Amino acid sequence: IHPLGGVLGPAQTPLLAQPARPHGNGLLDVTARGNLQIRGLREETYPIFLASLETAGLVEPAGDGPFRLTVVSPVAGKDPADLVDTRALANSIESAAAALPDLPPKICVAVDGGGCIPLDEVGADISLRAVRSFGEIGLALGLAHGSTIRWIGTTSPDRTPKAVLALLRRFAGMRRSGKTNVRRFRDLATEQADNLGSVVGLAPVMPPMYRRAAPRAGIIPLVEGQAALLGALPFGRCHAAQIDTVADWAERFGCGEVRVSFTRGFLIPGLALERVRALAEEAHGAGFILDPTDPRLSVLACPGRPACASAFTQVQADAAQIAESARKLLAAGMTVHVSGCTKGCAHPRAAALTLVGGSDGLYRTIIGGSAQDPALSSLPLSEIIRRLRDLPESGILADAFHEPV
């Protein structure tokens with residue numbers, strides 16, 4: 001499910017949970033782009049399931065391209081620090097690219113208004129960041145290059161959809177003509193990326209200033225004495241009953257709206273400050289993470305086995321043990337990515353420590369890289385946990401895990 005802008009209306013959230021029980025296994029995952037995956041669907045009841053989604057207005061048109069091209073902050077439109085209307089800009093980009101053929105389904109454009117929740121970790125192919133330049137507001141435009149963002153220029157807000165469309169059209173044309181077969185911008189050769197960027201007339205740009213990583217949980221102040229509550233899910237996994245509970249909270253405490261966040265949780269906007277603490281207590285009791293220092297928030301994990309047929313390991317159970325064993329390291333700022341296979345869906349970028357499950361049940365250990373990078377070693381989970389528990393600081397990860405593969 002790819003709700004536009006990550007927004008679920010008052011009638012949609014409760015209708016989302018209902019079909020997950022009889023037609024699935026009652027489990028749902030929030031993805032790293034703020035989409036939803038309903039697990040355990042059965043072929044014989046799938047048509048009924050689709051009819052339920054159609055009632056909720058959540059059925060998407062058939063096609064091979066991206067169902068939702070853009071990602072925005074979960075507080076877009078309510079963040080007093082935003083420099084541009086990111087929701088309107090994202091909608092313009094979606095409209096401009098809607099009819100563009102031959103785009104791979106995972107192509108993504110991050111539209112960052114410069115507010116309190118940066119989008120750097122989304123792993124987008126094209127990154128847009130609102131910036132102030134010579135007293136005017138512009139959009140810095142960057143392309144994914146490996147595991148980093150390569151900023152290539154600035155443009156005005158009104159010209160941004162056209163610039164993004166030109167990049168997407170050139171990329172699709174390169175694939176169609178056989179000049180490349182990669183499915184993501186990050187995998188282009190440097191020369192190809194340079195040629196891609198040359199199609200857009202951009203003003204010069206200084207790389208945007210570094211901002212602290214997005215808060216993954218907690219209370220977020222908004223405009224006019226309001227707040228939002230961002231409840232994180234352990235590794236993005238929730239039960240249908242929790243969706244029902246979130247819908248009830250949105251109705252009782254907020255405006256009925258629920259926003260699915262790329263931080264793998266749900267955000268409820270429009271909360272009166274005097275009521276947000278009461279909601280936080282209920283959310284904590286329902287199993288949501290509200291403490292931004294919880295070690296599980298620094299561990300990025302895919303669904304793993306048995307939820308994903310591509311995975312070799314039970315990622316989420318393993319990730320919980322890793323989070324506990326590395327509590328001190330994670331509190332000091334280290335990030336860990338646990339993936340059930342080399343696709344690395346949960347986190348396409350580099351992490352301090354990346355663990356990739358293999359067919360032998362071991363984890364390949366990668367320091368400062370992504371799931372596709374070369375490994376230092378292959379180890380069982382128990383040995384990884386022992387080494388992390390005994391490690392005094394993350395600066396010696398390479399020494400701790402280096403041995404012949």
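Modeller: Helix 8 (residues 315-325) packs against helix 10 (residues 381-390) at an angle of about 20°, and their axes are 9 Å apart. Helices here are DSSP runs of H or I with at least four residues, strands are runs of E with at least two, and both are numbered from the N terminus. The axes are lines fitted to C-alpha atoms, for helices over the stretch in contact, with angles from 0 to 180 degrees between N-to-C directions. Helix 8 and helix 10 are therefore roughly parallel, a term for angles under 35 degrees. The crossing of helix 8 past helix 10 is right-handed, that is, the near helix is turned clockwise from the far one by less than a right angle.

This is a predicted model, in which local features need pLDDT of at least 70, side-chain atom pairs count only at pLDDT 80 or more, and totals for chains, interfaces and linings use all residues. Residues are numbered from 1 along each chain as its sequence is written, and side-chain values use heavy atoms, leaving out hydrogens and water.

The loop between strand 14 (299-301) and helix 8 contains P306. R305 and P306 are joined by a cis peptide bond, with omega about 0°.

D102 sits between helix 3 (86-97) and strand 5 (109-112), while R264 sits between strand 12 (258-261) and strand 13 (265-272). D102 is partly exposed at 41% relative accessibility, whereas R264 is buried at 9% (buried is under 20% relative accessible area, exposed over 50%, partly exposed in between, with a 1.4 Å probe and protein chains only).

Terms used: Angles under 35 degrees count as roughly parallel, over 145 as roughly antiparallel, 65 to 115 as roughly perpendicular and the rest as oblique.
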